[in-house]
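Please open the structure in a viewer and keep the sequence at hand.

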Amino acid sequence: MSISGLYLFSQARISSIDLDSVTCYNILILIEVITLKLLTKEIEKKLPALQATEGQYYEAVAQVKFFTPDANWTWYGVEYDPDEKLFYGLVDGFEKELGYFSLTELLKVRGALGLPIERDMYFDPQPLKNFM
């Protein structure tokens, strides 16, 4: 059975990969490459552990911003658990709410035109109250 349609998106090019020709090890490396582009080690180091900002609510500082370029959704990461690949922060979609979201899920989500989620490379950390 041929599985195709896994795409690596970069800012400059799109590459299609036929999964019949790669091993599970290669797939894990590809997933890691995609993950590194969405969340750099530098940003990961800035993100406090889950529950580190408990009680701060909208005073907590977002360290990273993800968005869909072809839909009206934005995720602001305040805390992060690298083992679980789980963020806590503000999700701005149909409504704004504080909660948890997964890096793995962000990698899978596509907007209305099929574009993947991107990281705002020019985002400066700021309190969540600025996005309310």
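Begin by selecting Glu59, which is partly exposed at a relative accessible area of 46%; here buried means under 20%, exposed over 50%, and partly exposed in between, with a 1.4 Å probe and protein chains only. This is a predicted model, in which local features need pLDDT of at least 70 and side-chain atom pairs count only at pLDDT 80 or more, while totals for chains, interfaces and linings use all residues. Residues are numbered from 1 along each chain as its sequence is written, and side-chain values use heavy atoms, leaving out hydrogens and water.

Helices (H or I, at least four residues) and strands (E, at least two) are DSSP runs, numbered from the N terminus. A salt bridge places a side-chain nitrogen of Lys or Arg within 4 Å of a carboxyl oxygen of Asp or Glu. The structure holds four salt bridges.

Then select Asp120 and Lys65, another such pair (3.5 Å, N to O).

Move on to strands E6 (residues 86-92) and E7 (residues 96-102), which pair in the antiparallel sense over seven bridges; pairing requires that DSSP find at least two bridges between two strands. Three residues separate E6 and E7 in this hairpin. Within it, Phe87 stands opposite Phe101 in E7.

Finally, select Thr53: is this residue buried or exposed? Thr53 counts as buried, because its relative accessibility is 11%.
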